[in-house]
Structure formats: C-alpha cells, structure tokens
Amino acid sequence: HLLGTQALRQATNSDYFQEQVQRRLGWQLKIISGDREAYLSCRGALSAMPDLKQAAVLDIGGGSTEIMLAIGGEVAGASTPIGCLRLLEAPMCDAEIKKALLKGWSDIRIPANSTLVGVGGTATTLGAIFLEMAVYDGDALAKCRLSRAGVQSVLEHIEGLSLSERLKLPGMLAGREDVMPYG
C-alpha cells in the first residue's frame, strides 16, 4: 500500500488521484487519518531508539503537525492542520499558531521529563544545518541532540538569510529554503 497524508486528506480531487494511481501504476493508495499518521510517525521514529521509554515525537509537515506521546508500549497522538507550507501561504502570528496547536492537541498531556524527538523534513533539515552536513548522513542525524538554544540559534541564522543564501547552507535541502523558518 501507498499511504497519503494531509495533502490528500484536504484535496478536493483525492478520489480521482487515488484512481489514477491505481490505473496508471497498479498501486493501492490509502489516505490515512491524522491520528494514524501520528501513530505511524511515532512508531517509525522510536524503532530506531528502542531504549527510549518515554518520548514526545513531533512531526512538522507541510500541511499538518503531529504530536505523539509514547510511554512504554503505549502511543497517543493528535494531528492539527498547521504545517510549514500552510504557514508560508497564510502566515499566522505566534499566538494564533499556539492556540491552533493547543486546540488540536487538547487531549495530549506530555510529562515534563519526556524526550522530544523530531521526525520528518523540518526536523532532519534543522539537524543537518546544525551539524553543517554537506553530505546527508542519516546515522549522524539520528544521534543529533539539539537544545532549545541550539534550535533557536539555527532559526535566527536562517531567518536572517535570503533564499539563495539559505540554499548555500550545508544541510539545507533544495525546496525547503522557503518553508524552513515556518517549520
């Protein structure tokens, strides 16, 4: 199966798209819910960290953001339709973003001692820029640890650059230079 996420959940022609994928490629495309997307992101991230007993997994996508809480073998998560591409297209102030995230995640209570694990393009690009990674190294990214100050430092640095200057940063993937500050 192929899995479709937020873009297909929101698209007005997702049924047509599914039919075309089936007809032209012979593949079954299943559009999953935001909660299922959150669960799968969490399981995937934590499979690389089997010793981690308690984590909050954050996946900032283009059209949605998922937060998942994993304690022991249990996973609870939520999705909200705010992502870096959406914010690029329709900017919101910090207070509006926080309000929307809190509304979408109202059932999630993250204990203070949880480890925050970032997954997806925003997190991996952030880590790659922090590590000044000229060549992608998934193992190095999986071991990358960033403090809040480290995240803030990278963010402040990229916000002060033009799009072409961002593209020159080691670790910046082409196509993410415009959305990274929103992530």
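Predicted model: local features only at pLDDT ≥ 70, side-chain atom pairs only at ≥ 80, totals over all residues.
**Entry 1. Q18**

I began with Q18, which is partly exposed, its relative accessible area being 21%. The cut-off for a buried residue is under 20% relative accessible area, so a value of 21% is not counted as buried. I placed Q18 in helix 2, which covers residues 14-25. I then looked up its distance to L29: the two C-alpha atoms are separated by 5.7 Å, and the residues are 11 apart along the chain.

**Entry 2. The salt bridge**

I next asked how many salt bridges the count comes to. The count comes to 1 salt bridge. E37 forms a salt bridge with R9, and the closest N and O atoms of the pair are 2.8 Å apart. I noted that E37 lies in helix 3 (residues 34-47) and R9 in helix 1, so the pair ties together parts that are 28 residues apart in sequence. In general, side chains of opposite charge can pair when their charged atoms come close.

I turned to the second largest pocket and found a volume of about 200 Å³. Its lining holds 14 residues, and those nearest the centre of the pocket are Q6, A7, G62, G63 and S64. I looked up which elements give two or more residues to this lining, and they are helix 1 (6-10) and helix 4 (84-89). By residue type, the lining of the second largest pocket divides into 7 polar, 5 charged and 2 nonpolar residues.

**Entry 3. A nonpolar patch**

I then examined the surface and recorded a nonpolar patch of about 300 Å², made by L2, L25 and W27. L2 belongs to strand 1, which spans residues 2-4. The relative accessible area of L2 is 33%, so L2 is partly exposed.

**Entry 4. E132**

My last entry concerns backbone geometry. In general, most residues other than glycine have a negative phi. I located E132 in the loop between helix 6 (120-130) and helix 7 (138-143). E132 is exposed, because its relative accessible area is 62%.

Notes
Residues numbered from 1 in each chain as written. Heavy atoms only, no water. Patch = residues over 30% accessible without salt bridge, like charges linked within 9 Å, V, L, I, M, F, W, Y side chains within 5 Å. Areas by Shrake-Rupley, 256 points an atom, 1.4 Å probe, with all protein chains shown as cover. Salt bridge = Lys/Arg side-chain N within 4 Å of Asp/Glu carboxyl O. Helix = DSSP H or I, 4+ residues; strand = E, 2+ residues; numbered from the N terminus. Buried < 20%, exposed > 50% of the residue type's maximum accessible area, 1.4 Å probe, protein only. 1 Å grid on protein atoms, 1.4 Å probe; cavity = no way out; pocket = protein on both sides within 12 Å on 5 of 7 lines; lining within 4 Å. Points joined across faces, edges and corners; volume = space filled by probe spheres on them. Nonpolar A, V, L, I, M, F, W, Y, C, P; charged D, E, K, R; others polar.
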